[in-house]
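Here's a quick walk through one model, from the overall numbers down to a group of rings. Have the structure open as you read.

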Amino acid sequence: WCPANTKAADVRVSNNVGVRLDSFVANPGLAMADAAFTANTVQHCAYNCFDVGANSDMPVRDLTIEDNVFLRDVPQALYVFGVCDVNLGSVTGAVVRRNDFNGRGESEGGVDGCAMVAAGIGTGIELSGNTVARSWGSGVMVLNTVKGGLRVNISGNDFQHAGCRNDRMGQ
């Protein structure tokens, strides 16, 4: 949603509804500082709904994702690297709290379908107070793809029928 190599500070995205879209937030060319995504509802998101810090050359710092609702996000196509509701890449200081993740899915034979992913190039990530229900993949996936640095605190979350199974969680 911006030209490549753009910098932004004090970004606020709140009280929006997105239905049947690929991604609600995707910032491969945007370096953000002090960003907050709050009280949004996303339904039927095909790819990574909140894809933040995917480009390690454009880091994100001081990020808050809270009080959002993710409903029945299932892709119609197979994505080689998988899909999730919140994908945190090159992020320093992120808080993901009090979100509801409901029915994150994956295409037949897909690799993820996770609610939240900490992709290993960020540091200081807190995942707390979230509800994850019927995630076809794991509720949280932590990937440490670089040496050292990764600090993730996962606490006080409620996981209901979330696991590394791809049988549509009995649906």
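## The overall picture

Of the 171 residues in the protein chain, 49% are buried, where buried means under 20% relative accessible area, exposed means over 50% and partly exposed is in between (1.4 Å probe, protein chains only). The chain exposes about 7900 Å², with carbon and sulfur atoms supplying 51% of that; the areas come from the Shrake-Rupley method with a 1.4 Å probe, and for residues only the protein chains shown count as cover.

A word on ground rules: this is a predicted model, so local features need pLDDT of at least 70 and side-chain atom pairs count only at pLDDT 80 or more, while totals for chains, interfaces and linings use all residues. Residues are numbered from 1 along each chain as its sequence is written, and side-chain values use heavy atoms, with hydrogens and water left out.

## Strands and the sheet

The secondary structure tally is 0 helices and 17 strands. Both are DSSP runs numbered from the N terminus: helices are H or I with at least four residues, strands are E with at least two. Take contacts (heavy atoms within 4.5 Å) between residues at least 6 apart in sequence, and 79% of them join residues at least 24 apart.

Six strands form an open sheet in the order β1-β4-β7-β10-β13-β16, with parallel pairing; two strands pair if DSSP finds at least two bridges between them. β1 (6-14) and β16 (152-155) sit at the edges with a single partner strand each, so one side of each has no neighbour in the sheet. On average, neighbouring strands here are turned by 10° against each other, direction ignored. The angles are taken between axes fitted to C-alpha atoms, for helices over the stretch in contact, and run from 0 to 180 degrees between N-to-C directions. Inside the sheet, β4 and β7 run parallel and are joined by 6 bridges; Ala33 has Arg61 in β7 as its bridge partner.

## The nonpolar core

The largest nonpolar core has 28 residues, and Phe50, Leu63, Val86 and Leu88 have the most contacts inside it. Such a core is a set of buried Ala, Val, Leu, Ile, Met, Phe, Trp, Tyr and Cys residues joined through side-chain atoms within 4.5 Å. Elements giving two or more residues to this core include β5 (41-45), β9 (84-88) and β12 (114-118), and β4 gives the most, with 4 residues.

How many aromatic pairs does a search of the whole structure find? There are 4, counting rings of Phe, Tyr and Trp (its six-membered ring) with centres within 6.5 Å; planes under 30 degrees apart are stacked, over 60 edge-to-face and the rest tilted. Phe37 and Phe50 have ring centres 5.7 Å apart and planes at 80°, so they are edge-to-face. Phe37 is in strand β4 and Phe50 in strand β6, 13 residues apart. Phe50 and Phe70 have centres 5.2 Å apart and planes at 70°, so that pair is edge-to-face too. Here Phe70 belongs to strand β8 (residues 69-71), 20 residues from Phe50.

Phe37 and Phe50 are both buried, and so is Phe70. Ring pairs link Phe24, Phe37, Phe50, Phe70 and Phe101 into a cluster. Neighbours within four places in sequence aside, Phe50 also touches other residues, including Val25, Val42 and Ile65.
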